[in-house]
Each structure stands twice: as C-alpha cells, then as structure tokens.
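I opened my notebook to look up a few things in this structure. Here is what I wrote down.

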Amino acid sequence: MSSQPNSQTEEECGIAAIGKNCFGCGVCACICPRALLSIRLNKNGFFAPSATNEPQCAHCNLCLSICPCTNAVPAAPAGKIEPEAWSAESRREQLLRKSAAGGIARELAEEWMDRGRSVCEAVFNAQENCLEHIVLRNPEDLERGTGAKYLQSYTLPGFSHLNGHERFLVIGTPCQIDGLRRYIRKRHWEEHFVLVDFFCRGVPSMRLWLKFTRFFKKKRQSFIDVAWHEKTNGKKEDRIVFTGKDGTGTAAGSRRNELFFGFYRDDLCLASACYDRCKYKGTASAADLRLGEFRNPDAQNGKDTTGSILVLSEKGRRALEETAHRLKRTRQTLDDVLAGQMTGNAVRPRDNAVFRLFLRSAMPLNLILKWKQWTRLLLYLPQELRRRFRKRS
Ligand code: SF4
Ligand code: SF4
Ligand code: SF4
C-alpha cells in the first residue's frame, strides 16, 4: 500500500454503488472471491475501494451485502444487552502515564493475549508513514498499539489475516467494526471474535498527515513510532512525539503541533462520512465493548487518566470480567459516561472544499492555517461585534 493518494475522486471509488458513501473499512476487499478490490487513498486522502478489473466482476454482491454503508443502523452484536456503563483505569501507574482512556484497551488486549489468543489493532507503520491494522501475537508488540491514534487506518494488512480458527480481539473505529461484524458474520466466524470500538469524533485526511510529516522527512527515516499525546502530571496534552529506534522521543514544538491539531480540533478536513453519514454516536455500535475517556464531574485534581466502558453484549461482559484484576472499575450511569462525548456528527465547515483543495496543492500547512485564521476573523468578527453591541444596548 502506498500512502500517497491516487487521483480518484472520493465519489468514483470502487464499485460505484458503495464507493460514494464509503467508510473505508476495507471488508469488501476481504470478501471479494475474485480479489478484484483494493483499498487505496482517494484524492482527498481517505481510504476507499478501487476495482482493479471490473469486467471480471461476478456480480455476486457479496461486497454489497456486508458493506456498512448499505444499512441505516449498525449490525447488532450477538447476545446484545442493554448498555452497562463503567468508568475504569489500569492499576498500572506506568501504563496510565502513556495511554489514552485509562489504558483499558491495552489491559484488555494484554489479558486476551495472556490467554493465548490474538489481537488485531492499528499500529503506526513508519516505512509507509501511515496507520495500519495488523494481527499481533506477541505481548511485546502491544506497545505499538498503545495510545490514541489520530489517523484513518489501512485495515487490509490486519483484516485479511483474520480467520475462523483463532480467537481475536479486534479494536477499530465504529465504522470499521461495523463492517467487520458483517464480514465475520457472513463467514460464520463471529463466535471467535470480541470487537471493540471507541467514541469516535472523526478521522482527518491523510493529506494533512503527509503534509505535516514533510517537515520531519529526514528525521522520520529513523523513527519507528508516533504518539499523538503526551501526559504531563497526569493531564493529557496534544503533542506529537516521534520515537526513535533507541526508544528516545522527539516532540514536535508547539507551533508545529498546531499545524496538525489546528486542523483536527476544528474538524476542517474530516472524511465526508464523519460529517454526513456517521451513525455511531452514543450507544449506536456493532461492537461488544465501546471505550472512551471519562470526564469525571467530581474530579478535583484535573487529571484525566480515567476511561469509560460501555458493555454492549454478553461476550463483551465476559471479556471485561476476565480483565477485572487489571482494572479499577466503578459502575456509572449511562448519562455520565455519555456526557463528555459528541452527540451529533462533526459540522462540515462552510469552506471544507477549500481546505481539501489546499491540502491537495503544494501550499504549506502554515499558510493554510494563516488563511484559516484570517477567514475565521472575517467570518466571525462581525458576528461577535453584533453580539457585544446587542448586549450593551
Ligand atoms: S465495505 Fe467498507 S471499504 Fe468497502 S465500500 Fe463499504 S464502507 Fe467502503
Ligand atoms: S460483486 Fe462479487 S465479484 Fe464483484 S466486486 Fe463484489 S464481491 Fe467481487
Ligand atoms: S466519525 Fe463515524 S464515520 Fe467517521 S471514522 Fe468515526 S465512526 Fe467512522
């Protein structure tokens, strides 16, 4: 897979019927009996299917039958239960310092592996400069999957190696997990899987990441991993840190950080599906467990090490019970767990098309951000002045 976007438009990708609404989960490519579909970056920097030899299509519709775009609601997990809400965090201080959402995902994965099973999750591929799902079988490899990741992952390296004779824990975005649920159900593998997703606010364009890392191009050759957050005194900070082969980290300076997070926080260049078609907010999920951060209303110390868990199926409940000795858990109300999460989709900015255009061009990120600052000033200053004037009178 090349992480360089190809020249397809997002609307033309893959099998015409589904490409238009694509979430980029990749399961259509996994199931095609003629191996006609590949998953590539479209011109806006998002993963979508591309038919390599369309005339050979058998019109079996297997790809369509499992595509999460063709259904209005997520596929319900087998043994679905009323959501149980928990806050939780790892008992290991060291893990809490570097992981997101209480280190719950890592503890689940480690316990799963200790029992001789396999994990499939997204890790950073330094060579391709992208995030990709892979199957992990060694506990030491779990380090690579730890921490929040802020890119859309290329799922095929992991999903295409899933099978019906091993037991897998798979962690992914809600739309990836919805596609995967339909895929393993079609294959009759579902009983071997526990699927985990998380409260998701959207994935930014790979065009942004490629532009951002251009600054680090030389140094990047020697980097093996990337973390998008650092923790200072238990408080999470948006700070991108590249890890070298010797294990030392190089943090991007605050102005450089802003070149990535300045886009991400304002939802300037998310996938179309994240703005228009996401159906995975709140408790809407195809997973057995949903993870997130827990915004504790009573927290006195400003630390945000606690995570939240929604248990959505019997199988999810069993997986969590197996991990009981690793986590400090407290039962919460559903409202408290959902309180800190997005309730609706990200709002597409009026000038989203302009950002997409700029990201496709050779324009450097700092100039695009300047343009953003000026247009925001021009767009919002008159509103702000009007508001203040009304307040006075
Ligand atoms: S199965 Fe996934 S990758 Fe394929 S078209 Fe549907 S959403 Fe896109
Ligand atoms: S219809 Fe069948 S053969 Fe054609 S692309 Fe889809 S899965 Fe492959
Ligand atoms: S916001 Fe929704 S559509 Fe976008 S990546 Fe997350 S789950 Fe998928």
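I began with pairing: two strands pair if DSSP finds at least two bridges between them. Helices (H or I, at least four residues) and strands (E, at least two) are DSSP runs, numbered from the N terminus.

Entry: ground rules. I am working with a predicted model, where local features need pLDDT of at least 70, side-chain atom pairs count only at pLDDT 80 or more, and totals for chains, interfaces and linings use all residues. Residues are numbered from 1 along each chain as its sequence is written, while chains are lettered from A and ligands numbered from 1 in the order in which they are written.

Entry: the whole chain. I found 15 helices and 13 strands in the protein chain. Next I looked up burial. A residue is buried if 20 or more other C-beta atoms lie within 10 Å of its own, exposed if 12 or fewer, and partly exposed in between; C-beta atoms are placed from the backbone. Of the 393 residues in the protein chain, 42% are buried. For contacts, the rule is that two residues touch if their C-beta atoms, placed from the backbone, lie within 7 Å. Among contacts with a separation of 6 or more, 72% join residues 24 or more positions apart.

Entry: strand E4. Which strands does E4 bridge to? I noted seven bridges to E5, and the two strands run antiparallel. I also noted three bridges to strand E6 (residues 168-171), and this pair runs parallel. Asn125 stands opposite Cys130 in E5. Cys120 has Val170 in E6 as its bridge partner. E4 is largely enclosed by the rest of the structure, because seven of its eight residues are buried.

Entry: Asn129. I found Asn129 in the loop between strand E4 (118-125) and strand E5 (130-136). The hairpin of E4 and E5 has four residues between the strands. Asn129 is not a glycine, yet its phi is positive, about 55°. Is Asn129 buried or exposed? Asn129 is buried, because 20 other C-beta atoms lie within 10 Å.

Entry: Asp267. I then looked up Asp267, another residue other than glycine, and its phi is positive and near 55°. Asp267 sits in the loop between helix H10 (254-264) and helix H11 (272-276). Asp267 counts as partly exposed because it has 18 C-beta neighbours inside 10 Å.

Entry: the core. A nonpolar core is a set of buried Ala, Val, Leu, Ile, Met, Phe, Trp, Tyr and Cys residues joined through C-beta atoms within 7 Å. The largest one has 102 residues, and Leu180 and Val170 are among those with the most contacts inside it. This core lies between domain 1 (16-66) and domain 2 (80-339), because both give residues to it. The domain bounds come from an automatic or database domain assignment. Leaving aside neighbours within four places in sequence, Leu180 is in contact with residues including Val27, Val170 and Leu195.

Entry: Leu208. I placed Leu208 in helix H8 (residues 206-214). Leu208 counts as buried because it has 24 C-beta neighbours inside 10 Å. Beyond its neighbours within four places in sequence, Leu208 is in contact with Phe260, Phe263, Cys269 and Leu359. Leu208 and Arg356 are 148 residues apart in sequence, but 9.3 Å apart in space, C-alpha to C-alpha.
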